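Here is a short report on salt bridges. Look over the sequence and the structure first.

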Amino acid sequence: MNRRDVLLGGSLFAAAGAAAALQPRKRLVLLEDRKLEDIIPERVGAWNTVPSNAFVLPKSPGSLADRLYSQTMARLYASPSNPPVMLVVAYGAVQNDLLQLHRPEACYAAVGYTISGSHTVPARLGPNSVLPVRELSATTDSREEQICYWTRIGDDLPTDGSSQRMVKLRQQMRGYLSDGVLVRMSTVGEPTPEIFAQLRLFATSMVAAMAPGNRAVLIGRPLASAIGAAPAVVT
């Protein structure tokens, strides 16, 4: 065996060892055996659920998204004094390179919407607790939708596609695979500061209305623990 063979064999052995080290050995599943419909309240602040089918959904029968998400939930919430809010929650039991959350920028663009104004904004859940949400506008010739959303992967809350990929890689290097959830609120109308403030109000009110033991499913354990049983604070 010559020196070249030894070096090549050593490199292959090291690569195989590194690949084995990156194989996830643990699972982090925060939803467990619960249903989204059971843990998300039908009444959120001044909003109540009403029947509707006017949703842009991340899942359709037989589609790729149908394989990505274990559960999806869509509800319309109406209020006599606030804009109506379309809530979509999509849950995936495994987040890896093949199965991962599709962010609304991609979901809406795929059905013909033009995306603009995408940026991250803090939504305050308590005196020292902030949920990072992303706001954007999605427009077609006949409809303009204002969107506020966030994603959770394990206990992390990545705010864009790049940080989402980094979160998955970091978790994989730590030896575990996590579940993930996309929480999206939207309403039809012009992109005004007031509209986005109402969507953030709905988001924080929804988290506050949930049973404390269920909040981690949407926002992760550290943030859920930080707000405890305290009501949400909106700024």
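## Salt bridges in the model

Arg-200 is buried, with a relative accessible area of 15%. Buried means under 20% relative accessible area, exposed over 50%, and partly exposed in between (1.4 Å probe, protein chains only). Glu-135 is also buried, at 3%.

This is a predicted model, where local features need pLDDT of at least 70, side-chain atom pairs count only at pLDDT 80 or more, and totals for chains, interfaces and linings use all residues. Residues are numbered from 1 along each chain as its sequence is written, and side-chain values use heavy atoms, with hydrogens and water left out.

A search of the whole structure finds 7 salt bridges. A salt bridge is a side-chain nitrogen of Lys or Arg within 4 Å of a carboxyl oxygen of Asp or Glu. Among the 7 are these:

| Pair | N to O distance |
|---|---|
| Arg-200 and Glu-135 | 2.5 Å |
| Arg-221 and Asp-155 | 2.6 Å |
| Arg-34 and Glu-32 | 3.7 Å |

Arg-200 and Glu-135 meet in a salt bridge. This pair links distant parts of the chain: Arg-200 sits in helix α6 (residues 193–209), Glu-135 in strand β7 (residues 129–139), 65 residues apart. Helices (H or I, at least four residues) and strands (E, at least two) are DSSP runs, numbered from the N terminus.

Arg-221 forms a salt bridge with Asp-155. Arg-221 lies in helix α8 (residues 221–227) and Asp-155 in the loop between β8 (144–153) and α5 (161–173), so the pair ties together parts 66 residues apart in sequence. Arg-221 is partly exposed at 42%. Asp-155 is partly exposed at 24%.

Arg-34 pairs with Glu-32. Arg-34 is partly exposed at 21%, whereas Glu-32 is exposed at 59%.
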